[in-house]
Amino acid sequence: MVCFFSRRGGIIRCEVRTAGDGYELLIDRPDAIMQVERFSGAEALNRRWLDAEGCLLTQGWRGPAPRQQLQHLQHP
């Protein structure tokens, strides 16, 4: 699953993917910092995703959305 958050022209890409016998959460920020977190189970991954999503929304990021919907999320 890949989704995006936008704010003032910046974009954050978030990706959840399988990795070996677990999962990874990748957060790619506009300042070129990429964060990868590994989880052994879906429950821990889901808790972390909800936390990360809540933090981004609190910081004023809009989303999550697929890339093609970003233009609708931009502020005028």
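Some ground rules. Residues are numbered from 1 along each chain as its sequence is written, and side-chain values use heavy atoms, with hydrogens and water left out. Because the model is predicted, local features need pLDDT of at least 70 and side-chain atom pairs count only at pLDDT 80 or more, while totals for chains, interfaces and linings use all residues.

Let's start with the overall layout. The chain has two helices and five strands. Helices here are DSSP runs of H or I with at least four residues, strands are runs of E with at least two, and both are numbered from the N terminus. In sequence order, the pattern is β-β-β-β-α-β-α. The chain has 76 residues, and 33% of them count as buried. Buried means under 20% relative accessible area, exposed means over 50%, and partly exposed is in between, with a 1.4 Å probe and protein chains only.

Now contacts. A contact means heavy atoms within 4.5 Å. Take the contacts with a separation of 6 or more: residues 24 or more positions apart account for 37% of these.

Next, the strands. Two strands pair if DSSP finds at least two bridges between them. How many bridges join β1 to β2? Six, and the two strands run antiparallel. β1 covers residues 2-7 and β2 covers 10-19. Move on to β2 and β3. They are antiparallel too, over seven bridges. Here Thr-18 stands opposite Tyr-23 in β3.

Look at the turns. The hairpin of β1 and β2 has two residues between the strands. Arg-8 lies in that loop. Its phi is positive, about 45°, although Arg-8 is not a glycine. Is Arg-8 buried or exposed? Exposed, with a relative accessible area of 72%. The hairpin of β2 and β3 also has two residues between its strands. In that turn, Gly-20 has a positive phi of about 60°. Ala-32 sits in the loop between β3 and β4. Ala-32 is another residue other than glycine with a positive phi, near 70°. Ala-32 counts as exposed, at 67% relative accessibility.

On to the core. A nonpolar core is a set of buried Ala, Val, Leu, Ile, Met, Phe, Trp, Tyr and Cys residues joined through side-chain atoms within 4.5 Å. The largest one has 13 residues. Those with the most contacts inside it are Phe-5, Ile-12, Cys-14, Leu-25, Ile-27, Trp-49 and Leu-56. Which elements build this core? β1, β2, β3 and α1 each supply at least two residues. α1 gives the most, with four.

Let's zoom in on Leu-25. Leu-25 is in strand β3, residues 22-28. Why does Leu-25 count as buried? Because its relative accessible area is 0%. Beyond its neighbours within four places in sequence, Leu-25 contacts several residues, among them Val-16, Phe-39, Leu-45 and Trp-49. Leu-45 is 20 residues away in sequence, but 7.4 Å away in space, C-alpha to C-alpha. Leu-56 is another core residue. Its contacts, leaving aside neighbours within four places, are Phe-5, Ile-12, Cys-14, Arg-29 and Trp-61.

Two charged residues next. Lys and Arg count as positive and Asp and Glu as negative; His and the chain ends are not counted. First up is Glu-37, in strand β4, residues 34-39. Glu-37 is buried, with a relative accessible area of 18%. What does its side chain meet? The side chain of Arg-48, in a polar contact at 2.8 Å. A polar contact is a pair of N or O atoms within 3.5 Å; within protein, one must be able to donate a hydrogen and the other to accept it, and residues adjacent in sequence count only if both atoms are side-chain atoms.

Then there is Glu-53, in helix α1, residues 42-58. Glu-53 is buried yet has no salt bridge. A salt bridge is a side-chain nitrogen of Lys or Arg within 4 Å of a carboxyl oxygen of Asp or Glu. For Glu-53, the nearest side chain of opposite charge is Arg-48, 10 Å away. Not counting residues up to four places away, Glu-53 touches Phe-5 and Pro-64.

Finish on Pro-64. Pro-64 is in strand β5, residues 62-65. The peptide bond from Gly-63 to Pro-64 is cis, with omega near -5°.
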